[in-house]
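Dear colleague,

Please find the structure below, handed over for your own work. My notes on its strands and helices follow.

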Amino acid sequence: MCGIAGEFRFDNKAPDAVVMVRMLAKLARRGPDAEGQHADGPVRLGHRRLAIIDLSEHSKQPMLDAASGTALVFNGTIYNYPELRAELIGRGHVFHSDGDTEVILRAYLQWGEACVERLHGMFAFAIWNRETLFLARDRLGIKPLYYSENLGCFRFASTPQALQAAGGVDTSIDAVALHHLFTLHAVVPAPRTIFNGVRKLAPGTTVTVNARGELSHKKYWSLKAQRPAVAKTDAEWTEAIHESLRQAVKKRIEIADVKVGVLLSGGLDSSLLVALLAEQGAPDLMTFSVGFEDQPEERGNEFEYSDPVAAMYGTRHHKYLIPNAEVLRRLPEAVDQMSEPMFAQDAVAFYLLAEQVGKTVKVVQSGQGADEVFGGYFWYPQMAADTSGSPLARFRRHYFDRDHDEFLEMAMPAYHGSDYTAEMIAGHLAEPFADEFIDQVLRMDTTMLITDDPVKRVDNMTMAWGLEARVPFLDHQLVELAASMPPELKLASGGKHVLKCIARGRVPDAVIDRKKGYFPVPALKFVRGEFLNFMQDILNSQACRERGLYHRAYVNKLLDAPEQHHTRIQGSKLWHLALLEYWLQKHA
């Protein structure tokens, strides 16, 4: 796990080492253990290291193959690297390190750009072969990769902030991205970002950049959501998912040269991870939970559910209770670490939890992805039961934060246009190789929406403390298997039926049968007191008024009744507006 950056110039100039120093400074928290650069003609690569596998200097980056001059910078973890390493040795490759970084480099030398199809893990990397620059992102987009094209050069980095540090980035607002942001609770799908001058590589995609500055994108993976040719019984599906999840969990604890813990929220997903790890004999298992102050409408912690799981498996359990005053005091830090605006109330929760966890371990497993892959959210059954209209109509009625008319009411005319988000969602739902409507929805959630909401959020907030988060529910082999399973095995039992069947007897019944919970930070959902004052100050600031994003009448409507304006999935509309403006004040 690391931070990566690079520059490829097309104007016969060499990249400036000082520019790379500025870029790497913005990535220091992602990789606190070491820093390195490599320059070769029109290209300069930079790396900040978080040492997880092969802690020696032999795996330092940028990594160079001296014979060919091929150079690599890499962020992530390759879980099948031991098998690939053995295969490459059998093909005559000689290794000088024991980690996964050199496996990518030699896999590229052996198979070229097709090497990505052999990698099992989470990754973002760039390879310079003295002629072209090749960049790749993992299938589910677990690791980030941003780029910009300007001033006769192509630059890439793990965060937009590193690109901005290099200079020359157009930070004007992308009107299409703004529409997505306020319709899909802060999701802006690749290739867009909120800035016109910053783009991101889509999951499961590579891009090759040549010396003329031409970009060639290639999608190397897509997800099919169709039933298999040979039908399975419910019991066979349950056993197949159980075995696939068991292997995903096992890989993510074995492939590390440091201790691995678990973020235990008190929900089914993280509790099941603890159970599967304990069953496989994980020694000295450490678990971590965080809670916040209650509001009258909502509990602020789930310790009553996480404590019994920790006790059941005898984990070394760590609990942190954060008062509201601390949440508000530390909120600016969390916003500083957001690569893109994030509306979810649990971003600050993950930030504060990761701070504590990072003092004890460098790697944790987390339950992100289970709800999207296995149908755990309340809106999926609502969509399934709502059979009127097009797939888009069924989806938007239960998911969109704002319909197009409300976006026009909120945004100033300079940002008006067509219903961009509806057009984009309709296109994704209509893609081939999905048998049923819920197959279409879950596939889109898993391959697009999750990437720029919970997955990005967890990556940003954990890496801010040099902590690697691994997400077994997004193992691509498990995801492929789950996508082929009948939707009713997901939506039954109030959602995640197959996971509940696996968990029965392994996890306390109270955890399995409880109402679906979320990572609660009630003060950012039911806005009052100091939190309301904080948001009022942001939205009434001169900077906000001069930016000219929002109609003042819409802002005032939300400020006049801050607890009455929630989205369809129960987010605070006032917090959405305040968060974006606050993020722009810090990052634009």
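Two strands are taken to pair if DSSP finds at least two bridges between them. The model discussed here is a predicted one.

On that basis, six strands make up an open sheet, ordered β4-β5-β6-β7-β11-β12, with antiparallel pairing. The edges are held by β4 (63–65) and β12 (215–219); each has a single partner strand, so one side of each is left without a neighbour in the sheet. On average, neighbouring strands of this sheet are turned by 20° against each other, direction ignored. Within the sheet, β7 (residues 133–137) and β11 (residues 205–209) pair in the antiparallel sense over four bridges, and Phe134 has Thr208 in β11 as its bridge partner. Helix α3 (residues 101–111) lies across β4, β5 (70–78), β6 (121–128) and β7, and runs at about 125° to β5.

Strand β1 (residues 2–9) pairs with β3 in the antiparallel sense over seven bridges, with Phe8 standing opposite Val43. Strand β2 (residues 34–40) also pairs with β3 in the antiparallel sense, over seven bridges; here Gln37 has Gly46 as its bridge partner in β3. β2 and β3 form a hairpin with two residues between them, and Gly41 in the turn has a positive phi of about 60°.

Strand β3 is mostly covered, with seven of its seven residues buried. Val43, Leu45, His47 and Arg49 point one way from the strand, while Arg44, Gly46 and Arg48 point the other way.

Turning to the helices, α10 (residues 347–357) is mostly covered as well: 10 of its 11 residues are buried. Among them are Phe350, Tyr351 and Glu355. The buried residues of α10 pack against β13 (260–263), β14 (286–292), β15 (316–322), α9 (324–336), β16 (363–365) and α17 (451–463).

The axes of α5 (residues 175–183) and α25 (residues 573–587) come within 11 Å and cross at roughly 140°. That angle makes α5 oblique to α25, because only angles over 145 degrees count as roughly antiparallel. From α5, the contact involves Leu178, Leu181 and Phe182, and from α25, His576, Leu577 and Leu580. By class, five residues in this contact are nonpolar and one is polar, with no charged residues.

With kind regards

Terms used
Residues are numbered from 1 along each chain as its sequence is written. This is a predicted model: local features need pLDDT of at least 70, side-chain atom pairs count only at pLDDT 80 or more; totals for chains, interfaces and linings use all residues. Side-chain values use heavy atoms; hydrogens and water are left out. Axes are lines fitted to C-alpha atoms, for helices over the stretch in contact, and angles run from 0 to 180 degrees between N-to-C directions. Angles under 35 degrees count as roughly parallel, over 145 as roughly antiparallel, 65 to 115 as roughly perpendicular and the rest as oblique. Contact means heavy atoms within 4.5 Å. Ala, Val, Leu, Ile, Met, Phe, Trp, Tyr, Cys and Pro count as nonpolar, Asp, Glu, Lys and Arg as charged, and the others, Gly among them, as polar. Buried means under 20% relative accessible area, exposed over 50%, partly exposed in between (1.4 Å probe, protein chains only).
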